[in-house]
Protein chains: 2
Amino acid sequence: MSITWLNQIKWNEDGLVPAIAQDFQTNEVLMMAWMNKASLELTIKEQRAIYWSRSRQKLWRKGEESGHVQTLHGIYLDCDNDVILLKVEQLGKIACHTGRISCFYRELKDNQWVEISSPLKNPEEIYHKS
Amino acid sequence: MSITWLNQIKWNEDGLVPAIAQDFQTNEVLMMAWMNKASLELTIKEQRAIYWSRSRQKLWRKGEESGHVQTLHGIYLDCDNDVILLKVEQLGKIACHTGRISCFYRELKDNQWVEISSPLKNPEEIYHKS
């Protein structure tokens, strides 16, 4: 059956796996979030990244509020069957809710997390708050 | 104190965070494993990736058996403080225990996980099994 590939994935005790999103052109790692079976199936059906929000306990269609949708270019599985890698086109070039390209915008330098990139857009502008 | 940066990380209920390893030159995502505080401190001290093996419940000095050490080029933290990204030089050009460059060597195509890269070396040769 067509769901064999879904069952080959080793979902954790909460029914989730980590999903890494990577820019399909630059290979920059944009973010890591979590997926359950439903979100992964929808990701493929809708050809855009759809995660499971652990904090909100609901499906998270990446970009649903911000417009920063991630369109799908490829899905990969690791050797242990427990991590997913997505190659995506990041619409708006902003993956992070802080307005930055990538969520990994702090680097450890001399025992401190130092910001190495700036927001391209103000989060208040992204989320249309007044 | 110098450990402030460690405590800024949101360790999960098991005291772990996911750590993504990325090739510092090509940006290829090589693998994802887990770290605890001790492994992250050692990673910085020894300037090589040291993970926490959940299956073996012990420190895993990446390359300790295979020689495929990951030397450290940078450590990054995501916006939620709960995912680490490492930029590494992958010695031997093989991150995966199957002998491949990356652990993400299967792509979903027509509802099947299809191998898209081949081993550069036989695992039996890597791990010196007779």
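Colleague: What is the strand order in the open sheet of six strands?

Modeller: The order is S2(A)-S1(A)-S6(A)-S5(A)-S7(B)-S8(B), and the pairing is mixed. This is a predicted model, in which local features need pLDDT of at least 70, side-chain atom pairs count only at pLDDT 80 or more, and totals for chains, interfaces and linings use all residues; side-chain values use heavy atoms, with hydrogens and water left out. Residues are numbered from 1 along each chain as its sequence is written, while chains are lettered from A and ligands numbered from 1 in the order in which they are written. Helices (H or I, at least four residues) and strands (E, at least two) are DSSP runs numbered from the N terminus.

Colleague: What makes S2 of chain A and S8 of chain B edge strands?

Modeller: Strand S2 (29–35) of chain A and strand S8 (112–115) of chain B each pair on one side only.

Colleague: How do you know that S5 and S6 of chain A pair?

Modeller: Pairing takes at least two bridges found by DSSP. Seven bridges join S5 (residues 70–77) to S6 (residues 84–90) of chain A, so the two antiparallel strands qualify. Gln70(A), for instance, has Gln90(A) in S6(A) as its bridge partner.

Colleague: Why is the pair of Trp113(A) and Trp5(B) called edge-to-face?

Modeller: Rings of Phe, Tyr and Trp (its six-membered ring) pair if their centres lie within 6.5 Å; planes under 30 degrees apart count as stacked, over 60 as edge-to-face and the rest as tilted. Here the centres are 6.1 Å apart and the planes stand at 70°, so the pair is edge-to-face. Trp113(A) belongs to strand S8 of chain A and Trp5(B) to helix H1 (residues 4–7) of chain B, so the pair joins two chains.

Colleague: Are Trp113(A) and Trp5(B) buried or exposed?

Modeller: Buried means under 20% relative accessible area, exposed over 50%, and partly exposed in between (1.4 Å probe, protein chains only). Trp113(A), at 11%, counts as buried, and so does Trp5(B), at 4%.

Colleague: Why is the pair of Tyr51(B) and Trp60(B) called tilted?

Modeller: Their planes make 45°, with 5.3 Å from centre to centre. Tyr51(B) is buried at 0% relative accessibility, whereas Trp60(B) is partly exposed at 23%.

Colleague: What makes you say that the charged end of Arg100(B) sits over the ring of Tyr105(B)?

Modeller: The rule asks for NZ of Lys or CZ of Arg within 6 Å of the ring centre and within 35 degrees of the ring normal. The charged end of Arg100(B) sits over that ring, 3.8 Å from its centre. In chain A, the charged end of Arg106(A) sits over the ring of Tyr105(A), 5.4 Å from its centre.
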